[in-house]
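I opened my notebook to go through one structure piece by piece, writing down each thing I looked up. The sequence and the model come before my entries.

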Amino acid sequence: MKSRGAIQAFTIALALSCLFYMSFSVVTYMVERNADEYAASKTDAEADVTALRKQYLDSMASVDVYNIGITSYTYSDCKKNKLNLGLDLQGGMHVTLEVALDKLIKRLSGNQESETLKKALELANERQLTSQEPYVDLFYDAFKEVAGDESLFRVFDTPENRDKFDRESENRDEEVLKFIRSEAEQAVQRTQDIIRTRIDEFGVTQPTIRQEGASRITIELPGVDDTERVRKLLKRSAKLEFWETYGATDMINKHFVSVNEVLAAKLGLDDKKKDATDTTGTADATDTTAASTTADIASTPNTDEKSDKDETAPVLEKEGDSLAAETGDSAQSDSLKDAAAQKEAAAKVPLYQKLRPQVDFNNQNQIMEGPVVGTAFVNDTGIIMTYLNYPEVKAVLPADVKFLWSVNEVQEGSRVFSLYALKTERGKAPLDGSVITDAFQNYDQITGKPDVNMKMNPAGARRWKAMTEANIDKWIAISLDNKVYSAPQVNSVIPNGSSVIQGGFSIEEAKDLASVLKAGKLPVTVDIAEEETVGPTLGAESVRNGLISLVIGFLLVLFFMGFYYRSSGLVANIALFANLFFIIGILSSLHAALTLPGMAGIVLTIGMAVDANVLIFERIREELKAGKSLKAAIEDGYRNAYSSIIDSNLTTFLTGIILLIFGKGPISGFAVILVIGILTSLFCAIFLSRLIFTWMLAREKPISFGSEKTTNMLSGLNFDFMAKRKLAYIVSGSVIVIGLISLMTRGLNLSVDFEGGRTYVVQFDENTSVTEVRDLLTPIFGSSPEVKTYGSPSKHKITTKYRINDNNDNVDQEVQEVLQTTLGEKYPDGFVIEKSQKVGPTFARDIEISAILSILVGLIGIFLYIVVRFRKWQYGLGALVALVHDVLLVIGLFSLLWGVLPINLEVDQAFIAAILTVVGYSINDTVVVFDRIREMLSLHPKSPLYATINTALNQTISRTLITSLTTLLVVLILFLLGGEIIRGFSFALLIGITVGTYSSLFIATPIVVDLDRSGRKKE
C-alpha cells in the first residue's frame, strides 16, 4: 500500500485532534454533574435548586478545570468548545420580543404632538394588556373613541406619506388604516428577518424563530444561557451614524453664553445683578452647592491672557456635587466663603451647574479643542438634555446642532460622560449604517484592543470620502444607537469606504456589534417581554429513547457485519467505529450542533459507510472466486471498487455542498453532518480499513470474507429485471397518481412548523412529565402537540395546531376549553393556564424557498455530474426520474396514510430531514448500480443490452440488499424504540430507503435502457 506512513500519521493526528475536542464535552459534563450534586446537597435550604446550580456554575466560569500541560482551560472555555446539541435535543433559552408598534405609528405620523394621537396610543397600549386583537386594530378603535371630529387622514397626511395611500378616496381613514397595517406587518417581518440574521452571525445553531400574534416574535436558542449578551444582541437597534462636528471653542464661547442667559431667565433665576466684565469669553462651571464666585470667568482659547476675575477651575470630584470648586488664590478662597456670592454666581450659569465645560483649568482655562463640549455625571445627563431641548434654548443654538453623550465613561468607574456637539443635514446624519456592506471584529494596531472594522458600498464610500475631505484636521463622530463611540480627528482623505468603531470592547462585544451591523438596523424598537429557559422540544425521554435505539441499531449492524463477513467484518466494524468517532470529533471542533436532522444525517452516513465496505468486500470475493491469492484479491478488490465508491459518494457530497450553500434551518444542520460523514466514510473505508488489512497480511493474520453459507448466499441469482420494468412503471405510476390525488384533496398533515397554531403556558402544582402531557392531549387534538418544559419542571409550554384553520369567532375560547377539560380530568384543580397566544410558523417563507431552491439546484448538479461522469444524458435523466419518483412516493404515502395509521404522520422539520436522507440514499444506490452497468457494457460490447443489464443488476444485488438491510435495521429499531414523537420521522425513512432501493433497480436502470439510442441489440 502506497503512502502507508503518511496515512498512519494523518490518522493519528486526526484521532488526537478529535479526542482533544471531544474531551471538552467530558470535562463540561463533569463540572455540571458536580453542580447538580452541589445543588442537590442544599435541598434542605430554601434556595431554588436551579438557582444554586447556576450559582455554582457561575463561580466556576473563570476557574481552570482542564489542564493539559502547556495550557489550561476554564469551565467557560470548555463549555464554548463542547459538542453542541440543538434545541430539539437539549433545550435552551426562550425570549419573547414585543415590537413597539406604538412608536412606529407615532413615527408614521411624522412624530406629531397631536393630543388625540397621544390619547389613542395610550388607550391602545392599555387595552393590549388584556386583548388578543392586533395592535393596529386596537389603535384604530381607540382613535375613533377619542378623536371626535378629527380624522385619521389629517394626522397621517404628511409630505412623507403623500404617495402611500389614496388621498382621493371617499373613505380616506380606511385607506390610512390599510397603510398603517401594511407598514406594521412589514416592520414585524423585517424585524424577524434581521433578528434571524443576527442570531446566525451570533453562532447559535438551529434556533427557532416564529411570529406570535401580530407584534410578538418568539425566539428559542439552543444551549444558550448568557441572558445579558442575548438581550443586547436582540434589542440593539443598530442605528449607525456618521457626523460632522462643532468645535468646543465655537460652542462654548459663542453659544453656551446665550444658553445660560436663556436658562437663567426661564428658570426664574435672578439675572438682574449680572456683574459687568471687560473680558470676553464664557462663564466657567459652577457647582450646585459650592460654585465659583463669578459667572463670567474668562476662558479665551489659545492665549496666555487672563481675566482679572479668572479663577482656578472647578473639577468633578464626586457624584451628587456636579462641580466642586478648588481655588489656589487666597483672595478667591475667601470670596468662596460668601454663600450669597456663590448663589448669585450659580444663578447666572444654570447649565454649568450640571455640565462642566471642556476647558483645561490647569492651563489658563484654555478650551480643549475637539467635538466634546463638556462632561457630566450620569445622574445629570437627563436634565442637561432637557435644558438643551427647551424651545427657547434651541432658538439661540445653531439650527443644525445635535447633542449626544459618549457611550464610555471619561475614566473607568468615574460615572462621568462626555457631551458631543454634532452637525446634522436636514435633521439627520450625513451618512448612516445603510451603506455598510461588511463588518468584522479586529484589533487596534496601536493599543491592541478589539475594535470593529467596517466596509461601505460605492455610494457610501463616495460620501465618506467627501466627508473626510471636507473635515481635514477636524473631527468626525461615529455614533451607534444615539451614543458616540468614537470621534477621530481626520488627518487625510479616506477614499476606500473603510472606517473603524472603537469603544473599549471585549472580543465578544466587538464580534456581537459586527454581527448586528452586518444584519442591519431594526426598523422599529423592540422590547423583551419575557425570557425563560426551556426544555428539549422532543422531551428528555424521547431524546433518551432515540439515542438508545440508535445505539442498539448500530450494534446490530456491527453484529451483522461480523456474522456475514467474519474477520473482514470486524475490520469494517473498526472502520465504522472510527467513522462515528471522527464525525463527533469534527462536529465538536467546528462548534456545530447535533440536531434531529443531524441524527438523520448520521443514519445516512452509517448506511453509506457500510455500503463502501460491502462494495469492497464483494469485489474481493469476486477476485477470490477468480482464483487470485488473498493479497492480490484484496489489492484488486479495492482498486475495482474505487470507481463505484467515489462516484456514489461524490454525487451525495455534491448534494450536501449545495444544501449547505442554499439551505437554512434544519436543511443546513443535515447538510453539515452529511458532508462531514461522507469525507470520514471515504477515509475510513478506503484508507483505514486497507491499512488494517495490510497490517494483518504482514503478520499473516487469518482473513476471511464470509463463511461457507454467507459467501454464496446471494450468488448465482438470475432475475430478469428488464422483463419486469413495465410492471414496475405501472405500479409506481399508479401509486404516484393516487398520492397526487390525495395531495390535492386531503393534503398533508402540516405541523405547527408550517401552519402555526396556538400556544399555552400551563403551570402545574407538581412536576409533570412532558411525555405524559403529550400522550394525554394527542387523542383529543388529533395530532401530537409540541410540549416542553418552560422555566421549571412544573411549567410546560404546549403548542398545537388543533382547529388552526377554523375561522369560527369562538374557536380560541373553545380550544382553550378543550385543553382545560382534558387536563382537568387528570389534574383536577392542579394547574392554571397562565398565558395563551396564536403563533406563526417556524418554517418561515425564506426557509421554505431555500429548501425548494437547494433541492432543485442539487438535482441539477447531480444530473450534470452523472452526465459528465457516465458520458450519457440517459444516465442523468434516469437518476433524476428515480429521485423524483422516490420523493413523490414518500410524500404521497404520507398524505394517504395520515389519520389511517395509528402513528403521528405530521409534516414537520424532521420530515424535511427524512426527505433529504432519502434523496441522498437513493442517489448513492443508483450510482453504484450505474457504475456496474457501465463496467459490464464495456466488458461485453456485443452482448444483448437486456442480458448485460440483468447480469450487472444480479451481480450488485448482494451489495444492494446488504446495504439496504443494514440501514433499514437501524431505522427499524429507531421506529420501534425511539418513542412516539420521532416515529413519523423514522417511518418516512423506512419508506424512503425501501423505495430508494426499489427505484435504483426497477426505475432508474430501465429508463436508461428504454432511452438508449446506441443501436445496440436489446433482446
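Predicted model: local features only at pLDDT ≥ 70, side-chain atom pairs only at ≥ 80, totals over all residues.

**Notebook: the whole chain, then its parts**

I then looked up the secondary structure and found 32 helices and 25 strands. For the surface, I wrote down that the protein exposes about 45,400 Å², of which carbon and sulfur atoms supply 54%. I also looked at contacts between residues with a separation of 6 or more, and 74% of these in the protein come from residues 24 or more positions apart.

I turned to strand E24, residues 795–800, and asked how many of its residues are buried. The count is six of six, so I noted the strand as mostly covered, using under 20% relative accessible area as the cut-off for buried. As I had learned, side chains in a regular strand alternate between the two faces of the sheet. In E24, I saw Lys795, Lys797 and Thr799 pointing one way and His796, Ile798 and Thr800 pointing the other way, and all of them are buried.

I then looked for the pairing partners of E24. Strand E22, residues 757–764, is joined to E24 by six bridges and runs antiparallel to it, and in this pairing tyrosine 760 stands opposite isoleucine 798. Strand E23, residues 786–789, also pairs with E24 in the antiparallel sense, over four bridges, and here valine 787 stands opposite isoleucine 798.

**Entry: valine 773**

I next looked up valine 773, which lies in helix H26, residues 770–781. Is valine 773 buried or exposed? Its relative accessible area is 0%, so I recorded it as buried. Leaving aside neighbours within four places in sequence, I listed its contacts as Phe764, Thr768, Val787, His796, Ile798, Leu823 and Tyr827. I also noted lysine 788, which is 15 residues away along the chain from valine 773, with 9.6 Å between their C-alpha atoms.

**Entry: the sheet E15-E16-E19**

I moved on to an open sheet of three strands, which has the order E15-E16-E19 and antiparallel pairing. The edge strands are E15 (436–443) and E19 (498–501), each of which pairs on one side only. From one strand to the next, I noted an average twist of 25°. Strand E16, residues 450–456, pairs with E19 over four antiparallel bridges, and lysine 455 has serine 498 in E19 as its bridge partner. I also saw that helix H16, residues 458–470, lies across E16 and E19 and runs at about 110° to E16.

I asked how many of the five residues of strand E5, residues 208–212, are buried. The count is four, so E5 is largely enclosed by the rest of the structure. E5 is joined by five bridges to strand E6, residues 216–222, and the two run antiparallel; glutamate 212 has arginine 216 in E6 as its bridge partner.

Aspartate 512 has its place in helix H17, residues 507–519, and at 10% relative accessibility it counts as buried.

**Entry: two residues with positive phi**

I had read that most residues other than glycine have a negative phi. Arginine 426, however, has a positive phi near 55°. Arginine 426 lies in the loop between strands E13 (416–423) and E14 (431–432), and at 80% relative accessibility it counts as exposed. Aspartate 481 also has a positive phi, of about 55°. I found aspartate 481 in the loop between strands E17 (476–480) and E18 (483–486), and with a relative accessible area of 23% it is partly exposed.

**Entry: helices H24 and H32**

My last entry concerns helix H24 (residues 725–745) and helix H32 (residues 983–1010), whose axes come within 10 Å and cross at roughly 115°. The crossing of H24 past H32 is left-handed. On the H24 side I listed Arg725, Ala728, Tyr729 and Ser732, which meet Tyr998, Phe1002, Ile1003, Pro1006, Ile1007 and Asp1010 in H32. By class, this contact has seven nonpolar, one polar and two charged residues.

Notes:
Residues numbered from 1 in each chain as written. Heavy atoms only, no water. Axes fitted to C-alpha atoms, helices over the stretch in contact; angles between N-to-C directions. Left-handed = near helix turned anticlockwise from the far one by under 90°. Contact = heavy atoms within 4.5 Å. Nonpolar A, V, L, I, M, F, W, Y, C, P; charged D, E, K, R; others polar. Areas by Shrake-Rupley, 256 points an atom, 1.4 Å probe, with all protein chains shown as cover. Pairing = 2+ DSSP bridges. Buried < 20%, exposed > 50% of the residue type's maximum accessible area, 1.4 Å probe, protein only.
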